[in-house]
Amino acid sequence: MTDQDIFHKDTEYIAHTYQRFPVAVRCGHGATAEDFEGNSYIDFGSGIGTNSLGFCNEGWVAAVTEQLRLVQHTSNLFYTMPDVLLAERLCRETGYAKVFFGNSGAEANEGAIKVARKYGREKKGERCNQIITLKNSFHGRTVTTLAATGQDSFHQHFFPFTEGFRYVEAGNRQQLQEAVDNSVCGIMVELVQGEGGVTAIDKSYAKYVEEVCIENGILFLVDEVQTGIGRTGTFLCCEQYHIRPNIITLAKGLGGGLPIGAVLMDDVAGKVLGPGQHGSTFGGNPVVCAGGIEVLDQICRKGFLSDVSAKADYLCEQLRTMPGVTEISGMGLMIGVSVDEGLDARKVAERCAKTGLLILTAKKKLRIMPPLNITLDEINKGLNILSRCLSEI
Ligand code: PLP
C-alpha cells in the first residue's frame with residue numbers, strides 16, 4: 001500500500017469527522033515516524049500527548065506483549081492483576097485513595113461528573129447537581145462532556161445537551177462567587193487549557209477555586225487528561241499548583257498509546273459510587289494496564305521528570321528565537337506557540353507535515369507535545385524543520 005491508497009480508502013470508508021494531515025504513519029521508533037513510502041518524520045505531537053514514551057518503546061512493547069500472551073480481557077466480573085497493580089501504583093504516587101478505570105478522557109470526566117452529582121445529591125438533596133466549569137475549557141466529545149466544555153462552538157448540532165453546567169471566566173473570582181449556590185455540587189477545571197489554546201490558568205486562582213470548594217462543601221475536580229502523567233514536568237500538574245482536588249481525571253499519556261481513562265478519587269470522593277452504579281466493559285483492560293504500569297515505571301525513574309522540564313526549557317528558549325514566533329505559552333512539554341498575524345498555524349503545520357515534522361495546532365497557535373523521552377537530537381531536527389517552514393511560508 002502507498003500513502004495515497006490509504007488516503008483514498010479513508011475518504012471512501014471512514015466517517016469524515018477529522019481534518020487529517022496528509023501523512024500515513026506505517027511505523028515509528030522514539031519520536032521518529034515513517035510513512036509507507038519510507039519518508040521519516042520527527043514527532044512533536046505524540047498522538048496528542050498519548051505516546052508518552054514515543055513510538056514502540058521497548059519496555060512498553062515488552063510489557064504489553066507479555067500480558068497479551070497471558071490474558072487479553074476478562075470483563076470486570078473477574079479480577080486481573082495489571083489493573084490492581086496500576087491502581088495501587090497510581091494511588092501510591094499521588095496519595096489518592098481509589099481509581100476507576102475507563103477507556104478515554106471523556107469517559108473519565110463522565111465518571112467524575114457522576115461522582116460529583118451523586119455526592120451533591122446525598123449531601124444537599126436532589127437539586128444539588130450543578131457543576132461549574134471554565135470558559136474556554138475542553139472536557140470531551142460525549143453529549144455530557146461537550147456540555148461541560150465551556151466553549152459555545154461545541155454546543156451545536158446535538159441538542160438537547162446534558163443540563164446542569166455553568167461556565168465562569170478563568171481568573172474572575174467574583175463570577176465564581178456568584179455562580180456558587182446550594183445547587184452546585186462541584187467545580188471542574190483544566191489547569192492548562194490544552195484544546196483551548198495551551199493557556200495555563202493562574203496559580204492563585206486555582207488555589208482560590210479549591211478554597212471555594214472547601215468553604216461550600218462541594219467537590220473540586222481537575223481534568224488532567226492532557227496535563228497529567230509527567231506532561232508538565234511533574235507527575236501531576238496539580239503539584240505545581242499546590243492544590244489537592246477531590247477528583248483528578250487522567251487518560252492520554254497514562255496508556256502510552258493504548259486507550260485508557262482513570263478517575264482518581266480522594267477518601268471522600270472514593271466512597272461515593274457503589275456496586276452497579278458505574279462500569280465499563282473494557283475499563284481496566286489488562287493489556288492496557290500492563291502498558292500503563294510500564295509508563296509509570298519509566299516516568300518515575302530518577303531524573304526523568306527533571307529531564308522533561310529541562311527539555312521544555314530548551315525548546316521554549318529555541319522557539320523564542322524563531323522567525324514569526326511571537327509568544328510561548330503552556331507548561332512543561334505542553335507548549336503553545338503564537339505566530340505572526342500573517343501566518344496561519346494550520347498552514348504552517350501542514351507545511352511541516354510535508355517536510356518531515358508532525359506538529360499540532362490549538363486554536364490559532366502551533367502546539368508542541370512531543371514524547372516525554374524525546375532526545376535532544378530529535379528536538380533539534382524538529383526545530384530545524386519548524387524554523388525552515390516558518391520562514392518559507
Ligand atoms: N479533557 C481534556 C483536557 C482533553 O484534552 C481531552 C482530549 O483532548 C479530553 C478531556 C477528552 O479525551 P478523549 O479524547 O480521550 O475522550
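User: How many residues does helix 10 have, and what span is expected at 1.5 Å a residue?

Analyst: Helices here are DSSP runs of H or I with at least four residues, numbered from the N terminus. The expected span is 1.5 Å times one less than the number of residues. In this predicted model, helix 10 covers residues 286-299, 14 residues in total. From first C-alpha to last it reaches 20 Å, close to the 20 Å expected. Local features need pLDDT of at least 70, and side-chain atom pairs count only at pLDDT 80 or more.

User: Why is helix 10 described as largely enclosed?

Analyst: A residue is buried when its relative accessible area is under 20% (1.4 Å probe, protein chains only). Helix 10 is largely enclosed by the rest of the structure because 13 of its 14 residues are buried.

User: Which domains does the assignment give?

Analyst: Domain bounds come from an automatic or database assignment. That assignment gives domain 1 (60-299) and domain 2 (309-368). Their centres, taken over C-alpha atoms, lie 27 Å apart. Contact, meaning heavy atoms within 4.5 Å, takes 18 residues from domain 1 and 13 residues from domain 2.

User: How many salt bridges does the rule find across the interface of domain 1 and domain 2?

Analyst: A salt bridge places a side-chain nitrogen of Lys or Arg within 4 Å of a carboxyl oxygen of Asp or Glu. The rule finds one across this interface. In the model, the side chains of Glu195 and Arg367 meet in a salt bridge at 2.9 Å, N to O. On the side of domain 1 that touches domain 2, strand 9 (199-200) and helix 9 (238-241) each supply at least two residues; a strand is a DSSP run of E with at least two residues.

Technical notes. Residues are numbered from 1 along each chain as its sequence is written. Side-chain values use heavy atoms; hydrogens and water are left out. Buried means under 20% relative accessible area, exposed over 50%, partly exposed in between (1.4 Å probe, protein chains only).
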